[in-house]
Amino acid sequence: MHDSIFTKIIKREIPAEIVFEDADLMVIKDINPLAPIHLLIFPKKQITTLNDLTIEDSNIISKIILTATKIAKELKVDEKGYRLIMNCNSDGGQTVPHIHCHLLAGRKLKLEA
Ligand code: AMP
């Protein structure tokens, strides 16, 4: 498997604005923000799509969600609200083949498809 853009960011081969990192995941600012706050939370394990998740990945998936909600509280957008999005494959709008969760906040978001 080739390294994804996000694996290259983890390996410091590509620069990124890193917001948070631990042994399991990384949080960066999206290079093309769609809202005043647009972060990407992704596992260090390169999992290509949501279809590739197994029961062994349960912990990392819950950690991604809990990290997103923790950051939303730290950024004080938890009460006004925010959106978490995970896209899968081309119809879902996935462009980076490494699962990631978008955290969007800072403006009123419309329901778009
Ligand atoms: P998706 O379309 O769900 O796969 O989301 C991929 C996201 O990654 C898009 O919002 C891109 O703007 C973002 N992105 C792609 N390359 C980079 C990069 N080098 N640094 C930060 N964000 C990136």
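Author: Let us begin with lysine 45, which counts as partly exposed because its relative accessibility is 47%. Please note that this is a predicted model.

Reader: Which residue does lysine 45 form a salt bridge with?
Author: Its partner is aspartate 57, and the closest N and O atoms are 2.7 Å apart. Aspartate 57 lies in the loop between strand S3 (37–43) and helix H2 (58–74), and lysine 45 is also in the loop between S3 and H2, so the pair ties together parts that are 12 residues apart in sequence.

Reader: Is aspartate 57 buried or exposed?
Author: Aspartate 57 counts as buried, because its relative accessibility is 4% and the cut-off for buried is under 20%.

Reader: Turning to helix H2, where do lysine 70 and glutamate 74 lie?
Author: Both are in helix H2, four residues apart, which is about one turn of the helix. Lysine 70 forms a salt bridge with glutamate 74, with 3.1 Å between the closest N and O atoms. Lysine 70 is partly exposed at a relative accessible area of 46%, while glutamate 74 is exposed at 52%.

Reader: Which residues do salt bridges that share partners join into one network?
Author: Arg12, Glu21 and Lys44 are joined in this way. Glutamate 21 counts as partly exposed, with a relative accessibility of 31%.

Reader: And how many salt bridges does the count come to?
Author: The count comes to eight salt bridges.

Key. Residues are numbered from 1 along each chain as its sequence is written. This is a predicted model: local features need pLDDT of at least 70, side-chain atom pairs count only at pLDDT 80 or more; totals for chains, interfaces and linings use all residues. Side-chain values use heavy atoms; hydrogens and water are left out. A salt bridge is a side-chain nitrogen of Lys or Arg within 4 Å of a carboxyl oxygen of Asp or Glu. Buried means under 20% relative accessible area, exposed over 50%, partly exposed in between (1.4 Å probe, protein chains only). Helices (H or I, at least four residues) and strands (E, at least two) are DSSP runs, numbered from the N terminus.
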